[in-house]
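Please look over the chain and its fold before reading on. The briefing below moves topic by topic.

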Amino acid sequence: AQLVESGGGLVQAGGSLRLSCATSDRIFSSGVMGWYRQGPGKQRELVASVTTDGNINYADSMKGRFTISRDVAKNTIYLHMNSLSPEDTAVYYCNAKGTWPGSINGYNFYGQGTQVTVSS
């Protein structure tokens, strides 16, 4: 698997979780990585993304509660989620997309997804 996620689970409202997504050095250093989520009966939506030079983008509803970060030494990105509410219940997917260096070929990978359930 190109992207290996971990860290989901069950948490009470107001709690916190940290998701991790590890990948290869080639993918980690090539494009944009981020997190998407898909709640029950909803479309998949962007949570946050980070480029190789550290530019970060958040969905408006996540700003202030969620933090995306990257660990270059471990080829891993993280999603720190605070003040969780039942509305945050979803499958969270790691994503990596970009163009391979020296190539015109692009890629767009998703991880297998990790379930986050927030109880009220």
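What follows covers a sheet, a core, a disulfide and several single residues.

This is a predicted model. One disulfide turns up in a search of the whole structure. The largest nonpolar core holds 29 residues. An open sheet of four strands runs in the order β1-β3-β8-β7.

**The four-stranded sheet**

- Pairing in the open sheet β1-β3-β8-β7 is antiparallel.
- β1 (3-6) and β7 (66-71) stand at the edges, and each has a single partner strand, so one side of each lacks a neighbour in the sheet.
- From one strand to the next, the twist averages 15°.
- Strand β3 covers residues 17-23 and pairs with β1 over four bridges, in the antiparallel sense.
- Within this pair, L3 stands opposite T23 in β3.
- In general, strands of a sheet pair through backbone hydrogen bonds, either parallel or antiparallel.

- β4 spans residues 32-38.
- Five of the seven residues of β4 are buried, so the strand is mostly covered.
- β4 and β9 run antiparallel and are joined by seven bridges.
- On that side, Q38 stands opposite V91 in β9.
- β4 and β5 also run antiparallel, with five bridges between them.
- There, M33 stands opposite V50 in β5.
- The hairpin of β4 and β5 has six residues between the strands, and G41 takes a positive phi near 70° in this hairpin.

**The nonpolar core**

- Which residues have the most contacts inside the largest nonpolar core? They are W35, I77, L79, M81 and Y92.
- Elements that give two or more residues to this core are β3, α1 (25-28), β4, β5 (45-50), β7, β8 (76-81), β9 (90-99) and β11 (114-119).
- β9 gives the most to the core, with four residues.

**The disulfide**

- C21 is joined to C94 by a disulfide, with an S to S distance of 2.0 Å.
- C21 lies in strand β3 and C94 in strand β9, so the bond ties together parts that are 73 residues apart in sequence.
- The torsion about the S-S bond of C21 and C94 is about -80°, which means that the disulfide is left-handed.
- Are these two cysteines buried or exposed? Both C21 and C94 are buried.
- A disulfide is, in general, a covalent bond between the sulfur atoms of two cysteines.

**S20 in strand β3**

- S20 is located in strand β3.
- The relative accessible area of S20 is 13%; buried means under 20%, so this residue counts as buried.
- Leaving aside neighbours within four places in sequence, S20 is in contact with V4, E5, S6, W35, T76, I77 and Y78.
- One of these contacts, W35, is among the residues with the most contacts inside the largest nonpolar core.

**D60 in a loop**

- Where is D60? Its place is in the loop between β6 (56-58) and β7.
- D60 has a relative accessible area of 64%; exposed means over 50%, so D60 is exposed.
- The side chains of D60 and K63 make a polar contact at 3.3 Å.
- D60 and L46 are 14 residues apart along the chain, and their C-alpha atoms are separated by 9.9 Å.

- N75 has a phi near 50°, a positive value in a residue other than glycine.
- N75 sits in the loop between β7 and β8.
- With a relative accessible area of 13%, N75 is buried.
- S83 is not a glycine either, yet its phi is positive, about 50°.
- S83 is found in the loop between β8 and β9.
- Relative accessibility of S83 is 45%, so S83 counts as partly exposed.

Methods
Residues numbered from 1 in each chain as written. Predicted model: local features only at pLDDT ≥ 70, side-chain atom pairs only at ≥ 80, totals over all residues. Heavy atoms only, no water. Pairing = 2+ DSSP bridges. Axes fitted to C-alpha atoms, helices over the stretch in contact; angles between N-to-C directions. Core = buried A, V, L, I, M, F, W, Y, C linked by side-chain atoms within 4.5 Å. Buried < 20%, exposed > 50% of the residue type's maximum accessible area, 1.4 Å probe, protein only. Disulfide = S-S within 2.5 Å. Polar contact = N/O pair within 3.5 Å; in protein donor to acceptor, adjacent residues only side chain to side chain. Contact = heavy atoms within 4.5 Å.
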